[in-house]
Amino acid sequence: MNTAATNTAAKGRLIAFEGGEAAGKTTQARLLAERIGAQLSFEPGATELGNHIRSLVLNSSGPQPTARAEALLIAADRAQHVAEVIRPTLDGGTHVVTDRYIGSSLAYQGIARQLGTTEILAISEFATAGLTCDLTVLLEVDSHTALQRQAAPSDRIEAEGNGFHHRVMQGYRTLAAQDPKHWVVINGMGNVDEVAEAVYVAVKERLNV
Ligand code: TMP
C-alpha cells in the first residue's frame, strides 16, 4: 500500500516521526527540525481545538471513546493541524517535522485496534485533503528498552497491554516494508547524538533538505 506521495503543490517538505511509546521520537523530531530549520509540530494536540481533542482521546478518566470514535477524533485533530499549521507552513516554503502523523493512525487504529488500514487511510485522506508525508522516519527500539525508558503509562493508549503495543510495532514494520520509498527505519538504540546523525543522513539522502 502506498501510504505517502510527494506533495508537488507544497514548497516545504513534510517529514513525520513514528514509533511506539518511548522510542525517542519527540527528542529526535526536535533535533532534526533544529538542524534543517523546519517548523516542529506534533499530533495529537498542536492546535487549540486539537488540545481539547487530545484530552478526549488520551484521558484515562471521563468518557471512554470506542475504537471508531477514537479514530475519528484523531482524524479531526489531524484535519485542524493540517489546515492551521502544516499546510500554511509548507506553502510558505518552510519544512515541517511532525511528531506523529498518518502512520500513527494506521499502526494504532488500523492495525493494533484492528479497524483496518484501508478504512483508516480513507478517513486520514479526507482529514488532510490528501496531504501526505514526503518521508516518514520510523524509530525502532526493542521492547525491553522502551519499557526501561517509560516510567509509567501517562495516558489511556499508553496504558494498553503489551499485546497492543506489540501489534503497533509489528504494524509499523509492515507499513515501512510496504512503502520503502516513503519510509525509512532508523535504529533508535544508540545515544541521542548517534541516532540524530543517522536520522539526518537518511533525510538528507532522501529529500536533499
Ligand atoms: P504521544 O505520546 O506521542 O504524544 O502520542 C499520544 C498517543 O496518541 C500515543 O499513545 C499514540 C496515540 N495516537 C494514536 O493512537 N493515533 C494517532 O493517529 C496519533 C497521532 C496518536
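The largest nonpolar core has 31 residues, of which Leu14, Ile86, Tyr101, Tyr108, Leu131, Val168 and Tyr172 touch the most other members. A nonpolar core is a set of buried Ala, Val, Leu, Ile, Met, Phe, Trp, Tyr and Cys residues joined through side-chain atoms within 4.5 Å. Buried means under 20% relative accessible area, exposed means over 50%, and partly exposed lies in between (1.4 Å probe, protein chains only). This is a predicted model, in which local features need pLDDT of at least 70 and side-chain atom pairs count only at pLDDT 80 or more, while totals for chains, interfaces and linings use all residues. Residues are numbered from 1 along each chain as its sequence is written, and side-chain values use heavy atoms, with hydrogens and water left out.

- A second, separate core of 23 residues includes Ala23, Val184, Val203 and Leu207.
- Not counting residues up to four places away in sequence, Tyr172 touches Glu18, Gly19, Gly20, Arg100, Gly103, Ser104, Ala107, Tyr108, Leu138 and Trp183, where contact means heavy atoms within 4.5 Å.

**Helix 4**

- Helix 4 (residues 102-112) has 10 of its 11 residues buried, so it is largely enclosed by the rest of the structure.
- The buried residues of helix 4 are Ile102, Gly103, Ser104, Ser105, Leu106, Ala107, Tyr108, Gln109, Gly110 and Ala112.
- Their cover includes strand 1 (14-18), helix 3 (67-91), helix 5 (117-128), helix 7 (162-178) and strand 5 (183-187).
- Gln114, which follows helix 4, has a positive phi near 65°.

**Ligand shell**

- Of the 15 residues around the ligand, Glu21, Arg78, Arg100, Ser105 and Gln109 come nearest; a residue is near a molecule or strand if one of its heavy atoms lies within 4 Å of it.
- The shell divides into five nonpolar, three polar and seven charged residues. In this division Ala, Val, Leu, Ile, Met, Phe, Trp, Tyr, Cys and Pro count as nonpolar, Asp, Glu, Lys and Arg as charged, and the others, Gly among them, as polar.
- Helix 2 (48-58), helix 3 and helix 4 each supply at least two residues of the shell, and helix 4 gives the most, with four residues.
- An oxygen atom of the ligand is 2.9 Å from an N or O atom in the side chain of Glu21, and an oxygen atom of the ligand is 3.2 Å from an N or O atom in the side chain of Lys25.
- A polar side-chain atom of Ser105 lies 2.6 Å from an oxygen atom of the ligand.
- Taken alone, the ligand exposes 480 Å², and the protein buries 92% of that; accessible areas come from the Shrake-Rupley method with a 1.4 Å probe.

- Glu70 lies in helix 3 and is buried, with a relative accessible area of 1%.
- Leaving aside neighbours within four places in sequence, Glu70 is in contact with Val57, Pro65, Gln109, Arg113, Arg156 and Ile157.
- Glu70 and Val57 are 13 residues apart in sequence and 6.2 Å apart in space, C-alpha to C-alpha.
- Thr89 is also placed in helix 3 and is buried, with a relative accessible area of 17%.
- Beyond neighbours within four places in sequence, Thr89 is in contact with Gln39, Thr94, His95 and Val96.

Definitions and conventions. A polar contact is a pair of N or O atoms within 3.5 Å; within protein, one must be able to donate a hydrogen and the other to accept it, and residues adjacent in sequence count only if both atoms are side-chain atoms.
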